[in-house]
Amino acid sequence: MSKSTMNPGPITLDMVGLELNAEDRRRILHPLTGGVILFGRNFSNRKQLTKLSAEIKKLRPDVLISIDHEGGRVQRCRTDGFTHLPAMRQLGELWSAKAKGAHPAASAAQAMAAATACGYVLAAELRACGVDFSFTPVLDLDFGRSGVIGDRSFSRDPQITFALAKSLNEGLRLAGMANCGKHFPGHGWAEADSHVAIPVDERSLEEILNDDAKPYEWLDLSLASVMPAHVIYPQVDQNPAGFSNIWLHSILRQELGFEGVIFSDDLSMEGASVAGSVVKGAELALNAGCDAVLICNRPDLADQLLSKLKVSKAKQSESAKRLNRLMPKSVGLPWDELQKEAEYQHAKGLLKQLNLIA
């Protein structure tokens, strides 16, 4: 498909089962659709996933096939040969483990190498099955307060989080996959789970920028996309970050100079309910600076968005250019070839050696 016909829309939606039905096809073909996000219910084995990915691409070569596949408890594909990747906290613990007589930086170097290996294995396995993109890494700091983040976080320390995320992103890149830092500016302090509640973080802007948001600032050009938190920071704005012009435009785009894609978090989550209807939520998110909005687990709401959301041509064109940059530039190695590839074998060998995978 030529660049001129790569015109993804601003809506990323999901599908019901293991194969496309007529309703899925109708939604994917809609010009406002730009991405399909897969869940555990869409995976039974590698052959089925590869076939499903190919069918989606045959319908719309310009849609980004994405998945939440971080490692630990957030990993959608877990059987039929997929590597059970560690929770990111284990990489942070590896960084902090000081071996007797070893150089103080040795454990940090080892943790960074392991993070790169994780990124490579994660991306190479997904791409072997036709998946373009994973919403990873989590950049939230682990304050020990958020159950929904918990061991998905690398560390409480923003410098360690930055270094390990940068290394993981390098592994993704080597396997041909872009990255997504989440949940900007930070979901680690707020205790409520934004899937089922509306979390609030009462800290000052200065405190958040000097701590939670640092990894975003330091990752700079190596960050391909960002997902804001469905968290309200009342000292900054009454809107959750994903609906906030202050957070997305003034701070992320202008202050931090971020040029990549901004995805909203799922608009069906309770944390998004403050916006009102799903159409109102999508409008608020796009007007605040998001390029794409996610709607998951609610086909009825996806249909509302597709039929009622109005997006200007200028906005859609600007967002489509950014979204196209997330698309892999090459075809992933088929699974059987991947198993024999030296880099893949090396990455898995390192993770086994460090007892991070079985």
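I began at glutamate 191, which is exposed with a relative accessible area of 55% (exposed means over 50% relative accessible area, buried under 20%, partly exposed in between, with a 1.4 Å probe and protein chains only). I note that this is a predicted model, in which local features need pLDDT of at least 70 and side-chain atom pairs count only at pLDDT 80 or more, while totals for chains, interfaces and linings use all residues. Residues are numbered from 1 along each chain as its sequence is written, and side-chain values use heavy atoms, with hydrogens and water left out.

**Salt bridges**

I found that glutamate 191 forms a salt bridge with arginine 145, their closest N and O atoms being 3.5 Å apart (a salt bridge is a side-chain nitrogen of Lys or Arg within 4 Å of a carboxyl oxygen of Asp or Glu). The pair links distant parts of the chain, 46 residues apart, with arginine 145 in the loop between β6 (133-134) and α5 (158-174) and glutamate 191 in the loop between β7 (181-184) and α6 (205-209); helices (H or I, at least four residues) and strands (E, at least two) are DSSP runs, numbered from the N terminus. Arginine 145 is partly exposed, at 31%.

I then looked up arginine 203 and aspartate 212, whose side chains meet in a salt bridge at 2.9 Å, N to O, and both of these residues are buried. I also noted a network of salt bridges that links Asp68, Glu70, Arg76, Arg152 and Lys182, and the search of the whole structure gave 25 salt bridges.

**Cysteines**

I searched the whole structure for disulfides and the result was zero (a disulfide is a pair of cysteine sulfur atoms within 2.5 Å). For cysteine 118 the closest cysteine sulfur, in cysteine 77, is 16 Å away, which is too far for a bond, and cysteine 118 is buried at 1% relative accessibility.

In helix α10 (residues 299-308) I listed Leu301, Ala302, Leu305 and Leu306 as buried. Seen down the axis of α10, the buried residues fall within an arc of 140°, so they line one face of the helix (the arc is that of the directions from the helix axis to the C-beta atoms).
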